[in-house]
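Please find below a colleague's note on the model shown here.

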Amino acid sequence: MSLGRLTNVSEERAMPRVSIDKGRCKGCELCVSACPQKVLEMSTTINEKGYFFATPAKPELCIGCRLCAIICPDIAVEVGVHGCRYEY
């Protein structure tokens, strides 16, 4: 019996995934500075509200800590970890 081992999980599901709702993002950059892996950066384009929004620049580095989602005041960040979706 092995405890704590993931089996039959696709690589896509096993890797943490961060996504940004660019329509909600107001470009405060809190998520960018909160990320310990520097996964997020600000885009060079603007959203429909006229803000530069955060975007995952290096999604493969995400460790699923969810600090970006926790600190976002606009609830624009969603993190998926091991098939579970977290929104704050």
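**Note on the predicted model**

1. Asn47 is placed in the loop between strand E2 (40-46) and strand E3 (52-56). Helices (H or I, at least four residues) and strands (E, at least two) are DSSP runs, numbered from the N terminus. With a relative accessibility of 6%, Asn47 counts as buried; the term buried stands for under 20% relative accessible area, exposed for over 50%, and partly exposed for values in between (1.4 Å probe, protein chains only).

2. As to the basis of this note, the model is predicted: local features need pLDDT of at least 70, side-chain atom pairs count only at pLDDT 80 or more, and totals for chains, interfaces and linings use all residues. Residues are numbered from 1 along each chain as its sequence is written, and side-chain values use heavy atoms, with hydrogens and water left out.

3. The mean pLDDT of the chain is 85, and 78% of the residues score at least 70; pLDDT is the predictor's confidence in each residue, from 0 to 100. Among the elements of the chain, H2 has the highest mean pLDDT (98), and helix H1 (residues 11-14) the lowest (55). The pLDDT is below 50 over residues 1-12, a stretch with 2 contacts in the model beyond near neighbours in sequence; contact means heavy atoms within 4.5 Å.

4. Leaving out residues up to four places away in sequence, Asn47 touches Lys22, Gly23, Cys25 and Phe53.

5. Glu41 has Thr55 in E3 as its bridge partner. The hairpin of E2 and E3 has 5 residues between the strands, and Gly50 in this hairpin takes a positive phi near 95 degrees.

6. Within it, Ile20 stands opposite Val77 in E4. Of the 5 residues of E4, 4 are buried, so this strand is largely enclosed by the rest of the structure. In a regular strand the side chains alternate between the two faces of the sheet.

7. How many salt bridges does the structure hold? There are 3, where a salt bridge is a side-chain nitrogen of Lys or Arg within 4 Å of a carboxyl oxygen of Asp or Glu. In one of them, the side chains of Glu78 and Arg17 meet at 3.9 Å, N to O. Because Glu78 lies in strand E4 (residues 77-81) and Arg17 in strand E1 (residues 17-20), this pair ties together parts that are 61 residues apart in sequence. Arg17 counts as partly exposed, at 46% relative accessibility.

8. Another salt bridge joins the side chains of Asp74 and Lys26, at 3.4 Å, N to O. This pair links distant parts of the chain, 48 residues apart: Asp74 is in the loop between helix H3 (67-71) and E4, and Lys26 in the loop between E1 and helix H2 (30-34). Asp74 is buried, with a relative accessible area of 18%, whereas Lys26 counts as partly exposed at 40% relative accessibility. Neighbours within four places in sequence aside, Asp74 is in contact with Arg24 and Lys26.

9. Arg24 itself belongs to a salt bridge, in which its side chain meets that of Asp21 at 4.0 Å, N to O. Both residues count as partly exposed, Asp21 at 37% relative accessibility and Arg24 at 40%.

10. The cysteines form the last point. A disulfide is a pair of cysteine sulfur atoms within 2.5 Å, and by this rule the count comes to 0 disulfides. Cys31 is in no disulfide, and the nearest cysteine sulfur, that of Cys25, is 6.0 Å away. Cys31 counts as buried, at 7% relative accessibility. Cys35 is likewise in no disulfide; the nearest cysteine sulfur, belonging to Cys65, is 6.0 Å away. Cys35 is buried, with a relative accessible area of 9%.

Note on methods:
Pairing = 2+ DSSP bridges.
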